[in-house]
Amino acid sequence: MVRVLVSDSSVLIEFSKRGLLEEMFRLPFEFAVPDLLFEEELIDLGTYSRDDLHRFGLRVEALDPIGVTTAQSYQLMRKCLSLVDCFALALASGKGYTLLTGDKAMRTFAEVEEIEVHGVLWLVDHMLAAGVMSAADVQEALISMRDDPRCHVPAQELARRIRQLSE
């Protein structure tokens, strides 16, 4: 059985900014997003389009009524999370999928709810291990993230991985 990863918009945006979405989809996972996220938040993906995401294999899934109720209850519990974030959490929780996020509040809530959660660096590690990207390309991507003031990947972890790749 193939592992399904539910991504929030931050992960897809980070990979699109680096021109790495196609490489991400070469990993031995299936990627999914809730339909609300696909329609509301994936507007500007740089050189990529929503059609590209479908072509790469992105699954767009709707929540059933129980999932919608779960998402709404998550938002009531954590006002700092958007409804779109809560839809991603509910999709991961309801189907036993793994959540991908670059959002600290989402990650913390997922951990409290016992939803398996990972971020951008976990995916980058898998891309390197699977040979989807060379060490030099990974290092270049990490440096680009480090130098981007809008990137929310933890600076210490970025620096550590950049150092490891340059040794």
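Trainee: In which sense do strand 4 and strand 5 pair?

Mentor: In this predicted model, strand 4 (residues 98–100) pairs with strand 5 in the parallel sense, over two bridges. Within this pairing, Leu99 stands opposite Val117 of strand 5.

Trainee: In what order do the strands of the sheet lie?

Mentor: The order is 3-2-1-4-5, in an open sheet of five strands with parallel pairing. Strand 3 (59–61) and strand 5 (117–118) stand at the edges; each has a single partner strand, so one side of each is left without a neighbour in the sheet.

Trainee: How should I read the interior?

Mentor: In soluble globular proteins, nonpolar side chains tend to be buried together. Here the largest nonpolar core has 38 residues, and those touching the most other members are Phe15, Leu21, Met24, Phe31 and Leu123. Helix 8 gives the most to this core, with six residues. A second, separate core of 21 residues includes Leu63, Leu91, Tyr97 and Val117.

Trainee: Which residues of helix 8 are buried?

Mentor: Helix 8 covers residues 120–129, and its buried residues are Val120, Leu121, Trp122, Leu123, Val124 and Met127. Leaving aside residues up to four places away in sequence, Leu123 touches Leu5, Val11, Phe15, Met24, Leu27, Phe31 and Leu100. After helix 8 comes Gly131, with a positive phi near 75°.

Trainee: How is a pair of aromatic rings described?

Mentor: Such a pair is described by the distance of the centres and the angle of the planes. The count in this model comes to six aromatic pairs. In one of them, the ring centres of Phe29 and Phe31 are 6.4 Å apart and the planes are at 90°, so the pair is edge-to-face. Phe29 and Phe31 are both buried. They belong to one aromatic cluster together with Phe25, Tyr48, Phe56 and Trp122.

Trainee: Over which ring does the charged end of Arg50 sit?

Mentor: The charged end of Arg50 sits over the ring of Phe38, at 5.6 Å from the ring centre.

Trainee: Is Asp52 buried or exposed?

Mentor: One compares the relative accessible area with a cut-off: a residue is called buried under 20%. Asp52 has a relative accessible area of 15%, so Asp52 is buried. Asp52 lies in helix 4 (residues 50–56), and its side chain reaches the backbone nitrogen of Ser49 at 2.9 Å.

Note on methods: Residues are numbered from 1 along each chain as its sequence is written. This is a predicted model: local features need pLDDT of at least 70, side-chain atom pairs count only at pLDDT 80 or more; totals for chains, interfaces and linings use all residues. Side-chain values use heavy atoms; hydrogens and water are left out. Buried means under 20% relative accessible area, exposed over 50%, partly exposed in between (1.4 Å probe, protein chains only). Helices (H or I, at least four residues) and strands (E, at least two) are DSSP runs, numbered from the N terminus. A polar contact is a pair of N or O atoms within 3.5 Å; within protein, one must be able to donate a hydrogen and the other to accept it, and residues adjacent in sequence count only if both atoms are side-chain atoms. Rings of Phe, Tyr and Trp (its six-membered ring) pair if their centres lie within 6.5 Å; planes under 30 degrees apart count as stacked, over 60 as edge-to-face and the rest as tilted. A charge sits over a ring if NZ of Lys or CZ of Arg is within 6 Å of the ring centre and within 35 degrees of the ring normal. Two strands pair if DSSP finds at least two bridges between them. A nonpolar core is a set of buried Ala, Val, Leu, Ile, Met, Phe, Trp, Tyr and Cys residues joined through side-chain atoms within 4.5 Å. Contact means heavy atoms within 4.5 Å.
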